[in-house]
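The exercises below concern a single protein model.

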Amino acid sequence: MNAATSTNSAPAERARIGGWQPFSSCDWPGRLAAVVFFAGCPWRCGYCHNPGLLQRRHGQHRWPQLRELLLRRRGLLDGVVFSGGEPLSDPALPALLAEVRALGFATGLHTAGAHPHRLQQVLPLLDWVGLDIKTVPGRYAALTASGGSGARAFASLDLLLAHGGDFECRSTIHPALHDEHSLRQLATTLAQQGVRRYAWQLLRPGPQLPQPFAPIATGWPHAELQQQVAAMFAQFELRSG
Ligand code: SF4
């Protein structure tokens with residue numbers, strides 16, 4: 001069934017939106033994009049960057065206003081990235097993607113892979129995906145406080161690989177969450193599965209996070225590990241957050 005006609009989808013006006021960023025050059029590598037943040041996520045990571053967006057009820061029906069703002073930015077933006085929260089938790093996502101495409105923008109998605117079936121439905125409507133891969137499958141539940149999360153995230157990866165569209169994997173990393181062995185193990189797993197673009201994003205500690213984290217010492221992860229991991233992918237990047 002086509003995503004735009006899925007019986008599970010909802011009209012765009014029903015989307016629960018927590019906020020938006022009119023211009024971003026870092027949320028879709030190489031593209032200038034607006035970013036729309038959905039409210040709602042089924043997982044509870046202790047390092048969540050947007051804890052205020054975890055409850056769907058915290059979002060508002062802002063799509064009509066955002067549509068107007070996007071219409072005024074045609075020609076200035078390459079695309080629109082849907083982020084969160086977990087955008088695939090919102091039944092209105094397929095309608096928004098179809099509408100944004102019809103307005104002439106490319107479509108991007110940030111997802112942690114919590115809903116592989118819904119990801120499969122919207123793949124034909126996506127030009128790029130940033131898939132958050134948190135750790136090796138066996139350590140997922142501890143990071144997300146959700147059983148079965150690792151299987152879902154890696155099922156989402158399988159779908160992206162089979163689809164063949166443009167995507168990257170990225171992992172937010174911190175010494176309290178990852179040791180160097182698990183980082184190497186994760187990178188090896190991704191490379192063996194066929195991932196070509198990968199990024200590490202250093203976790204930025206701060207009072208907005210659900211749990212306290214110490215600042216990351218300069219030089220972590222060590223340069224030799226970075227070089228080893230970089231050699232596994234066509235493109236690898238260490239991002240400072
Ligand atoms: S999956 Fe993403 S949005 Fe959901 S709790 Fe984890 S970090 Fe936050």
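**Exercise 1: the surroundings of R152**

R152 has 21 C-beta neighbours inside 10 Å and therefore counts as buried (buried: 20 or more other C-beta atoms within 10 Å of the residue's own; exposed: 12 or fewer; partly exposed: in between; C-beta atoms are placed from the backbone). The model is a predicted one, in which local features need pLDDT of at least 70 and side-chain atom pairs count only at pLDDT 80 or more, while totals for chains, interfaces and linings use all residues. Residues are numbered from 1 along each chain as its sequence is written.

Task: State where R152 is placed and which residues R152 touches, not counting residues up to four places away in sequence.

Solution. Step 1: R152 belongs to helix α5, residues 149-163; helices (H or I, at least four residues) and strands (E, at least two) are DSSP runs numbered from the N terminus. Step 2: leaving aside residues up to four places away in sequence, R152 touches G113, A114 and P116, where contact requires C-beta atoms, placed from the backbone, within 7 Å. Step 3: A217 lies 65 residues from R152 in sequence, and their C-alpha atoms are 32 Å apart in space.

**Exercise 2: helix α2**

Task: Determine how many residues of helix α2 are buried and what covers them.

Solution. Step 1: eight of the 10 residues of α2 (residues 93-102) are buried, so the helix is largely enclosed by the rest of the structure. Step 2: the buried residues of α2 are L93, P94, A95, L96, L97, A98, E99 and V100. Step 3: their cover includes α1 (63-71), β3 (79-83), β4 (106-111) and α3 (116-122). Step 4: after α2 comes G104, with a positive phi near 100°.

**Exercise 3: the pair α6 and α7**

Task: Describe how the axes of α6 and α7 are arranged and which residues meet.

Solution. Step 1: the axes of α6 (residues 180-193) and α7 (residues 223-230) come within 10 Å and cross at roughly 10°; axes are lines fitted to C-alpha atoms, for helices over the stretch in contact, and angles run from 0 to 180 degrees between N-to-C directions. Step 2: α6 is therefore roughly parallel to α7, the term for angles under 35 degrees. Step 3: E180, L183, R184 and A187 of α6 meet L225, Q228 and V229 of α7. Step 4: by class, this contact of α6 with α7 has four nonpolar, one polar and two charged residues (nonpolar: Ala, Val, Leu, Ile, Met, Phe, Trp, Tyr, Cys and Pro; charged: Asp, Glu, Lys and Arg; polar: the others, Gly among them).

**Exercise 4: backbone features and the ligand shell**

Task: Locate the cis peptide bond from G84 to G85 and the cis peptide bond from W220 to P221, then describe the residues around the ligand.

Solution. Step 1: the bond from G84 to G85 is cis, with omega near 15°, and G85 sits in the loop between β3 and α2. Step 2: the bond from W220 to P221 is cis, with omega near -10°, and P221 is in the loop between β7 (197-202) and α7. Step 3: the ligand is surrounded by C41, W43, R44, C45, C48, N50, L54, G84, G85, E86, A112 and T144, each with its C-beta atom, placed from the backbone, within 6 Å. Step 4: this shell divides into six nonpolar, four polar and two charged residues.

How values were computed: Angles under 35 degrees count as roughly parallel, over 145 as roughly antiparallel, 65 to 115 as roughly perpendicular and the rest as oblique. Two residues are in contact if their C-beta atoms, placed from the backbone, lie within 7 Å.
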